[in-house]
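Student: I would like to learn how to read the features of a model from its atoms. Could we work through one case together?

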Amino acid sequence: LGRAGVAIKIAAPAEPQLVLGDRDELLRVFENLIENALKYGASGKRVDITVTTGKAEDGAPELRVAVRDYGPGIAPEHLPRLTERFYRVDVTESRAQGGTGLGLALAKHILNRHRGRLSIASTPGAGATFTAQLPLRPDATP
């Protein structure tokens with residue numbers, strides 16, 4: 001169990017998947033996504049982290065790391081703005097949790113610098129999934 005009694009389940013391939021990038025910056029992305037899931041999805045008592053590979057829109061192989069919580073979810077009108085600096089769905093809740101409104105903006109910026117992207121899916125009442133997508137290292141094609 002993780003923070004506040006939240007169960008964390010990790011599903012990843014046995015073989016390591018390689019991406020090119022700055023280790024510390026990429027760690028910051030994943031730390032942010034997991035911390036957010038633990039903070040804002042804690043009411044769901046579960047966070048799933050899933051690592052898969054697939055094809056990007058251009059057909060290139062990519063690594064996908066999805067962090068899903070089972071909390072209250074996010075209303076559709078907020079989804080397009082979540083990665084804006086200082087944007088918060090609920091200012092009071094965010095401040096109470098210690099949020100600054102910069103984490104997702106930083107994650108998106110780092111992923112963009114690594115030729116990746118961040119996708120967000122959510123249904124109110126059913127949690128949210130934040131997926132970091134990064135190109136696989138050319139010699140690491142599955």
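Student: Is aspartate 58 buried or exposed?

Tutor: This is a predicted model, and the values below are computed from it. Aspartate 58 has a relative accessible area of 66%, and it counts as exposed because that is over 50%. Aspartate 58 sits in the loop between β2 and β3.

Student: What lies 2.9 Å from a polar atom of the side chain of aspartate 58?

Tutor: The backbone nitrogen of alanine 60 does.

Student: Where is aspartate 48, and is it buried or exposed?

Tutor: Aspartate 48 belongs to strand β2. Its relative accessible area is 11%, so it is buried, the cut-off being under 20%. The side chain of aspartate 48 makes a polar contact of 3.0 Å with the side chain of arginine 46. Beyond its neighbours within four places in sequence, aspartate 48 touches Lys9, Ala66, Val67, Arg68 and Tyr70.

Student: Which side chain makes a polar contact with the side chain of glutamate 62?

Tutor: That of glutamine 133, at 3.3 Å.

Student: Now the whole chain. In what order do the elements run from the N terminus on?

Tutor: The order is β-α-β-β-α-α-β-β, made of 3 helices and 5 strands. The chain has 142 residues, and 39% of them are buried.

Student: What part of the contacts with a separation of 6 or more comes from residues 24 or more positions apart?

Tutor: Such residues account for 62% of those contacts.

Student: How is the packing of two helices described?

Tutor: Two numbers are used, the angle between the axes and the distance between them. Here, helix α1 (residues 23-40) packs with helix α3 (residues 103-113) at an angle of about 145°, and the axes are 9 Å apart. The crossing of α1 and α3 is left-handed.

Student: Which residues of α1 and α3 meet?

Tutor: From α1 they are Glu25, Leu26, Arg28, Val29, Asn32, Leu33 and Asn36. From α3 they are Gly103, Leu104, Leu106, Ala107, Ile110, Leu111 and Arg113. By type, the residues of this contact are 8 nonpolar, 3 polar and 3 charged.

Student: Why do residues some places apart on a helix point the same way?

Tutor: An α-helix has 3.6 residues a turn, so residues three or four places apart point the same way. With that in mind, look at the buried residues of α1: Glu25, Leu26, Val29, Asn32, Leu33, Asn36, Ala37, Leu38 and Lys39.

Student: What do the buried residues of α1 pack against?

Tutor: They pack against β1 (7-11), β2 (46-55), β3 (61-69), α3, β4 (117-122) and β5 (128-135).

Student: Which residues of α3 are buried, and what do they pack against?

Tutor: Gly103, Leu104, Ala105, Ala107, Ile110 and Leu111 are buried in α3. Their packing partners are α1, β4 and β5.

Student: How does the span of α1 compare with the span expected at 1.5 Å a residue?

Tutor: The 18 residues of α1 reach 26 Å from the first C-alpha to the last, which is close to the expected 26 Å.

Student: What is found at the start of α1?

Tutor: There, a side-chain oxygen of aspartate 22 comes to within 3.1 Å of the backbone nitrogen of aspartate 24.

Student: Last, backbone angles. Which residue that follows α3 has a positive phi?

Tutor: Arginine 115, with phi near 60°, a positive value in a residue other than glycine. Arginine 115 lies in the loop between α3 and β4 and is exposed, with a relative accessible area of 65%.

Student: What is phi in lysine 45?

Tutor: Phi of lysine 45 is positive, about 60°, although lysine 45 is not a glycine. Lysine 45 is in the loop between α1 and β2. At a relative accessible area of 48%, lysine 45 is partly exposed.

Notes:
Residues numbered from 1 in each chain as written. Predicted model: local features only at pLDDT ≥ 70, side-chain atom pairs only at ≥ 80, totals over all residues. Heavy atoms only, no water. Axes fitted to C-alpha atoms, helices over the stretch in contact; angles between N-to-C directions. Helix = DSSP H or I, 4+ residues; strand = E, 2+ residues; numbered from the N terminus. Left-handed = near helix turned anticlockwise from the far one by under 90°. Contact = heavy atoms within 4.5 Å. Nonpolar A, V, L, I, M, F, W, Y, C, P; charged D, E, K, R; others polar. Expected span 1.5 Å × (residues − 1). Buried < 20%, exposed > 50% of the residue type's maximum accessible area, 1.4 Å probe, protein only. Polar contact = N/O pair within 3.5 Å; in protein donor to acceptor, adjacent residues only side chain to side chain.
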